[in-house]
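Dear colleague,

Please find below the structure that I am handing over to you. My notes on what was found in it follow directly after.

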Amino acid sequence: MENIAEYLKEERSQPWRDELRKSMKAKERTSIERVHMPEQDPVERSHNYLEVNLGLTEEMAITEAHRCLDCPDPTCISGCPVNINIPKFIKKIEAHDFLGAAKVLKETNALPAVCGRVCPQEVQCENSCFYTVKLKKTPIAIGNLERFAADYERNSGKISVPEIAEHNNTKVAVIGSGPAGLAACGDLIKMGYDVTVFEALHDVGGVLKYGIPEYRLPNEIVDVEIENLRKMGVKFHTNFIVGKTASLDMLREQGYTAFFVGSGAGLPRFMNIPGENSVGIYSSNEYLTRINLMHATDPDYDTPVHDGKTVAIIGGGNTAMDSVRTAKRMGAKRAILIYRRSEAEMPARMEEVKHAKEEGIEFMTLHNPVSYEADEKGRVTKMVVQKMELGEPDASGRRRPIPIEGSEFEIEVDVVVVAIGVSPNPLIPHAVPGLEMSRWGTIIVDKETMQSSIPDIFAGGDIVRGGATVILAMGDGRRAAAGIHKYITEKVKK
Ligand SMILES: Cc1cc2nc3c(=O)[nH]c(=O)nc-3n(C[C@H](O)[C@H](O)[C@H](O)COP(=O)(O)OP(=O)(O)OC[C@H]3O[C@@H](n4cnc5c(N)ncnc54)[C@H](O)[C@@H]3O)c2cc1C
């Protein structure tokens, strides 16, 4: 957009927006309390996989939408990595035009039902809301309203399918079907490209399906979005590992003109401490994939996980929180989260921490495992943990954890899940000679176009950023789609 301020001014001056603004005084709007998202009872939900957040009713959504002041300088928009026109979609909700609200969301966000559920809004749009910045009050529940509008559209069965440009018979390959890949193919198909997604796993969706559990993001919601892309003409090839099943050169020979690599950061990290390869110690990726995608809880499937009585999860991010809450649902009597810093430094979303505590998760902060012990069959039975204290801030800006000498003690455990971070998937970088990489194993790209050092290869999401977020991955996918379009258009002109 050339001039966003001018555009927003024009938008705001439309009669329907003007009328809404005048319908309620600002003072009245700011006196409304933020509408609370209804939730499943904590005791009940800690034994099932149903969604924790139940969604807003129409009445609740309209009340929350009344709070939005439709400010002249909506800083919330720049707080959103994909620049959703937030005031416009909220005002559509206030005007009872819920399908209109969903349409506004979809102008810049291909997966609003997903983002409304899992985006860290508290550090993005909601953190830039006028209520937070100027009024020092609780921000508008932008994420909850986004989820409401997207769910309303899905439940109404009137899902708007975007306009698709005339087919240009140019083949583009998208490698990886996580949010980066899905966002890229959503834009590319709209531009008229012949888009094929190659996915290594047997199911499409990346972390949205194999990582984030059902009780936060039901697979069914992701499937609806994937089905829409299918209806728009995107082709999906599963069980296809680019770099193994076929090389990029083989795909070039099949006529693919450009590639988007959204292969994520699925390589687990371990602590490399004694006993860590005992049976019953999982990486969070393996643990969650077995449960979310491979039916580990169903005895008819061959992919079980040990369902321990005492399960310890190591880490303090979203993945650790998802793993520990899953362990509780799998029947653990004691599900313990062991984190080496204090709760203030935890990277997990505040909402997840709150939900975990309500569900009876034991938080053991300022502790770190130093070794594991196993029985004669090699199964983990104990872990030795050491107490920690906080020192000066490190490179991440968080206070450095320092071990306290002589503070070690033992905990009996049956299962351990290591959730201390992930690294970029190395397969594509290894399979493509000459691709410029950083020392962290991420693909180096131009930040505007997402083009790599090899002109027909573009990349985005976690393979470029390391472990990041869904919305950042989607933003990358969209920028790469525009970059690919520019690259192909210029190539054709030559
Ligand atoms: C458990 C967990 C919880 C999270 N919770 C949140 C959250 O609440 N909010 C949030 O914003 N973010 C969250 N994140 C982070 C977020 O999910 C990721 O940042 C995001 O999914 C990255 O998207 P992506 O498309 O780059 O990669 P991915 O989602 O990882 O998708 C990459 C896909 O590429 C496939 N692939 C890899 N190599 C190949 C190959 N050679 N050929 C074909 N296919 C290949 C993989 O199988 C995978 O399906 C979470 C992550 C995890 C693991």
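Two residues are in contact if their C-beta atoms, placed from the backbone, lie within 7 Å. Helices (H or I, at least four residues) and strands (E, at least two) are DSSP runs, numbered from the N terminus. Residues are numbered from 1 along each chain as its sequence is written. Please note that this is a predicted model, in which local features need pLDDT of at least 70 and side-chain atom pairs count only at pLDDT 80 or more, while totals for chains, interfaces and linings use all residues.

I begin with helix α14. It has 14 residues (219–232) and reaches 20 Å from its first C-alpha to its last, close to the 20 Å expected at 1.5 Å a residue; the expected span is 1.5 Å times one less than the number of residues. Buried in α14 are I221, V222, E225, I226, N228 and L229. Seen down the axis, the buried residues of α14 fall within an arc of 150 degrees and so line one face of the helix, the arc being that of the directions from the helix axis to the C-beta atoms. A residue is buried if 20 or more other C-beta atoms lie within 10 Å of its own, exposed if 12 or fewer, and partly exposed in between. The cover over the buried residues of α14 includes α9 (112–118), α12 (179–190) and α13 (207–210). On the face turned away from the buried side, α14 carries the exposed residues E220, E227 and K231. After α14 comes G233, with a positive phi near 115 degrees.

E122 lies in the loop between α9 and α10 (130–133). E122 counts as partly exposed because it has 15 C-beta neighbours inside 10 Å. Apart from neighbours within four places in sequence, E122 is in contact with N127 and M350.

As for the overall division, the chain comprises domain 1 (4–156), domain 2 (171–266 + 425–493) and domain 3 (268–422), with bounds from an automatic or database domain assignment. Between domain 2 and domain 3, 10 residues of the former are in contact with 10 residues of the latter. The side of domain 2 that touches domain 3 has four nonpolar, three polar and three charged residues. Here Ala, Val, Leu, Ile, Met, Phe, Trp, Tyr, Cys and Pro count as nonpolar, Asp, Glu, Lys and Arg as charged, and the others, Gly among them, as polar. The centres of domain 2 and domain 3, taken over C-alpha atoms, are 31 Å apart.

With kind regards
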